[in-house]
Structures are given as C-alpha cells and as structure tokens.
Amino acid sequence: MTATTADVWLPFPAEEIDGLPENLNYLFWDGGTEYPGNPADCAYYVVPYMKGPGIAQRPLAAMSGVQVVQTLSAGIDHVEPGLGLLPAGVRLCNAKGVHEASTAELTLALILASLRGFPGFVHGQDKEEWRSGFYPALADKSVLIVGYGSIGSAIEDRLAPFECARVARVARSARTTARGPVHTLDDLPALLPEADVVILSTPLNPSTQGLVGADFLAAMPDGALLVNVARGGVVDTKALLSELESGRLRAALDVTDPEPLPQGHPLWHAPNVLITPHVGGSTSAFEPRAKRLLAAQLTRFAAGEPVRNVVTITG
C-alpha cells in the first residue's frame, strides 16, 4: 500500500480540516458502531478523542495495513495495551503541542482555587454565607513539577508571574534547562519535604504507576497541596484518602483512579479535595490545535517524510 492510495480514519470530517493533502482517502470515524471502511485498508488511524480504551483499541486487530496510529491526547495509555495486535513497524504518535495551553491553564486554576478556598466560597454562596478570612497565596510557595515534558514546561511558563519562592523539576532523565536543573525520580525524597505544591504532569507508565503512594505523600510537608493533571493511576487513591481524611494534605484532581469516579466513592466527599472531571485538554483550544497537528502530520505522511511525535514503534 502506498500513501497515495491509503485510507485515513479521522475523528473529524475531512472538510473541517484545512491543509490536508489531497492524495489520501479520508474516512470519518468517531467511535461509532459501524466502521467507515475496511480496517485492513486503513494506513493512518487517528484515535477518537476521549472515547475510552475500548473504542480506541477496537479496530486495531483488523488493521493489518496500518502504518501510523495517532492519538489526540498527550498520553497513550488508552492505546498502548492494544499495540500487540498490530504488525511490526507501526509508529504510535501522540499529540504533543495540542494540550499544553489548556492543561497548564487548568493546573493554575486548580492551584489558585484550592489555595484561595474557592470550593468553600461556592458552598457559602449556595447557603448565602459570607465566608471571609485569610487564605494561602501561591506567592512565596515552593512548587515541584513531577513530569517535566512539554506540559510541565508550559505549567512553569504560567507560574512565572506568581512570585513563587522556587520551582523544582523532575523528569525521567536529568538535564539542565534555561530555568534550572531537571532532577530524576530518584531525587524525590530530597525534594518533596520542601514542596508546598506538588504538580503531577507525568505520563502513566510502569515507572509512574502508583508513584504517589504512602511514602511519597508522607514526605510532603503538612498542609501541602497535591495537584494531579496526569493520570489517575499515578496516585494510590487509598493512600491519598488517608492523608486527606487526616486533614494533613490537600488535593486538586483533574484525574482519578477509578475514572470516572463512581457515585458513592469516598473521594467525592473527602475533606480538602477539589475534583474536576478530566477536562485538562477539553477546551476551545483543543480542536484548532488538533486539526493543525493532523494537517501537518498527514502532509508529511503523504510526502513519504517521517511523521513527528513518535512515542514508540511496534516490534
């Protein structure tokens, strides 16, 4: 199969995406029951956005001719378990560049809302209560970003005006940036006791699954705030509940484990927790950036050039 005869499965109608190359056959599929064509003829599969792992992985076993699987999320954990169904040499690409602005915005919103007591103000408004008082500020706080990729960097961009005392960075590999050093996960025991705010923006993989467990949380200082915009599985929910219910820590969570958080789960009503329903990337900024990414990627694909954002290649 050549790129010029290739089927491309898109979660947007092709006519809504400016700049697509003309020498590809575009089929619209956003996770519906019926496939738009024969999966075996699909060369470039764009995974429907936020439709869950069941839909994301459903056509993979039949995609014998696929060359590229493209997610529209930064994370790939909803697709990764199905990669063994694919032939060797398939490139899995993520959506680096699409979600940084939205996720970084939400991160700052969660931090500020939690520190300044917004959940209590909302409840007070419902009850017509005037809940004045002094609340923590982000100014003069020490912040630790765990997961310093493109989203972590975008978060630090937006922290810059808030006069934080310090921003420390942790990633898989140590390196030096213009802002300062990036530490490894091995340095967390030394960094956590100094962090007033801990932001999780790391991918979910074997090295980060359950990373934030009892020992991690115990190392955080009293009154510290944990912010999770990564994946729910990065945090041990039982360990977090213990710290929240004791009143020692606070949390602001855009993702949970389990997710969606079921009715009756104790996390809903734990003290000092603010929960948003995994909306870090679901904003008006998503669609134009996603469409620009697809146009650029498919232009390269049609021209026989290497696609970008390759996370792994099946083997």
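View 1. H99 sits in the loop that joins strand 5 (91-93) to helix 2; helices (H or I, at least four residues) and strands (E, at least two) are DSSP runs numbered from the N terminus. With a relative accessibility of 5%, H99 counts as buried, a term for under 20% relative accessible area, with exposed over 50% and partly exposed in between (1.4 Å probe, protein chains only). Apart from neighbours within four places in sequence, H99 is in contact (heavy atoms within 4.5 Å) with Y49, L72, S73, A74, G281 and F286. This is a predicted model, in which local features need pLDDT of at least 70 and side-chain atom pairs count only at pLDDT 80 or more, while totals for chains, interfaces and linings use all residues. Residues are numbered from 1 along each chain as its sequence is written, and side-chain values use heavy atoms, with hydrogens and water left out.

**View 2. L294 in helix 8 (residues 286-302).** L294 is buried, at a relative accessible area of 0%. Residues up to four places away in sequence not counted, L294 touches L10, F12, I17, L20, V46, Q70 and L72.

**View 3. T184 in the loop between strand 9 (180-183) and helix 5 (188-191).** T184 counts as buried, with 18% relative accessibility. Its contacts, leaving aside neighbours within four places in sequence, are V170, A171, R172, S173 and A174.

**View 4. Helix 7 (residues 237-246) and its ends.** The buried residues of helix 7 are T237, A239, L240, L241, E243 and L244. They pack against helix 6 (214-219), strand 11 (225-228), strand 12 and strand 13. At the N-terminal end, D236 caps helix 7, with a side-chain oxygen 3.0 Å from the backbone nitrogen of K238. After helix 7 comes G247, with a positive phi near 85°.

**View 5. The second largest pocket.** A pocket is an open set of points on a 1 Å grid over the protein atoms alone, where a 1.4 Å probe fits, with protein on both sides within 12 Å along at least five of seven lines; lining residues have an atom within 4 Å of a point. The volume of the second largest pocket is about 260 Å³. Its lining has 16 residues, and S114, P119, G120, N272 and V273 lie nearest its centre. Helix 2 (100-115), helix 3 (118-126), strand 12 (250-253) and strand 13 (273-275) each supply at least two lining residues.

Methods:
Grid points are joined across faces, edges and corners, and a volume is the space filled by probe spheres set on the points. A polar contact is a pair of N or O atoms within 3.5 Å; within protein, one must be able to donate a hydrogen and the other to accept it, and residues adjacent in sequence count only if both atoms are side-chain atoms.
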